[in-house]
Amino acid sequence: MDIDDTPVLDNHLHLDPVNGRNVAAAEEFASQGGTHLLVLNKPSWHLVEKATDEAIFREVFDLTVEAAATATEVLDGRAWPVLGVHPALISKLVDDGYTPPEARDIMQTGLDVAAEYVDNGDALAMKSGRPHYDVDDAVWEASNEVMCHGFERAADVGCAIQLHTEGGEDFEAVARWAEDRGLDRTQVVKHYSGGRLRGPVKSVLADKDELEIAVETDDPFLMETDYIDDPDRPGAVLGPKTVPRRVRWLLENGDEDAVRTAHVETPKAVYGIDTEATLER
Ligand SMILES: [Zn+2]
């Protein structure tokens, strides 16, 4: 089997139609054998302005929906938008004088709008989470409330949710919070995961060491670059060619089952997407 025999999905990448390379990055991904993309909106303050109301969230989401549509034109498969609120927004808002509960309410409004886009068929899934850096108790508590609101809304509209969180391997408690709100843990994806994770589904940053662990562990997993499409940080976090390159490497190592897991079966189980039926070479 070679790379032309399989779909190749990057589960978490950003395209920036305002300041970034946008469709050129998708073309680069496609040139290496990449076929499908989940395009995450950038944090509002990197794309438009710091979101403080519904209108700004809509502007950010519309740009991302359009970026995914443009990317689809250059892919043999397709791109889907994944919309949500970056957890660091809470700190930006608190720095501006909002209380943590006020910031929470703004972020929950953003998640409501994201759920509406999913419900209308304009987006595939949602994104939430909590800060990956130390925050005080009030901000932590408000952040967990935002994330749990995301679980509720994802359950309402029947979609998966990607999480941006602190590092670590034990997210069993977070998976239980989702389940308490009616969202199965198989619909919760930890973005920027290492190869080992308990609780949600792991979206493994396409680093060889972590992928080897994921392959050995033999759980469902996805692969991602978290490419941020920022002209000041080219190639960060990983460049758009990385997932196809790692797929080629896995195939050379005989890990065909793992490639099928990450690019066909797990996408189907988590998002209900069919990366084979949506592929035309
Ligand atoms: Zn990201």
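This is a predicted model: local features need pLDDT of at least 70, side-chain atom pairs count only at pLDDT 80 or more; totals for chains, interfaces and linings use all residues.
User: How many charged residues does the contact of α8 with α9 have?

Analyst: Ala, Val, Leu, Ile, Met, Phe, Trp, Tyr, Cys and Pro count as nonpolar, Asp, Glu, Lys and Arg as charged, and the others, Gly among them, as polar. By these classes, the contact of α8 with α9 has four nonpolar residues and no polar ones, and its charged residues number three.

User: How is α8 oriented relative to α9?

Analyst: Helix α8 covers residues 208–217, and its axis lies 12 Å from that of α9, at an angle of about 50°. Axes are lines fitted to C-alpha atoms, for helices over the stretch in contact, with angles from 0 to 180 degrees between N-to-C directions. Under 35 degrees is roughly parallel, over 145 roughly antiparallel, 65 to 115 roughly perpendicular and the rest oblique, so α8 to α9 is oblique.

User: How far apart are the axes of α3 and α5?

Analyst: Helix α3 spans residues 54–73 and helix α5 residues 100–119. Their angle is about 40°, which means that α3 is oblique to α5. The distance between their axes is 9 Å.

User: Which atoms coordinate the zinc ion?

Analyst: Donors are N, O and S atoms within 2.8 Å of the metal (3.2 Å for Na, K and Ca), and sites may look incomplete because water is not among the atoms. Here the distance is 2.1 Å, and the spacing along the chain is H-x1-H-x211-D. The coordinating atoms belong to His12 (NE2), His14 (NE2) and Asp226 (OD).

User: How many residues apart are His12 and Asp226?

Analyst: His12 sits in strand β1 (residues 9–14), and Asp226 in the loop between β8 (221–224) and α9 (242–252). These elements are DSSP runs numbered from the N terminus: helices are H or I of at least four residues, strands E of at least two.

User: Is Ala269 buried or exposed?

Analyst: Ala269 is in helix α10 (residues 256–271). Buried means under 20% relative accessible area, exposed over 50%, and partly exposed in between (1.4 Å probe, protein chains only). At 54% relative accessibility, Ala269 therefore counts as exposed.

Conventions. Residues are numbered from 1 along each chain as its sequence is written. Side-chain values use heavy atoms; hydrogens and water are left out.
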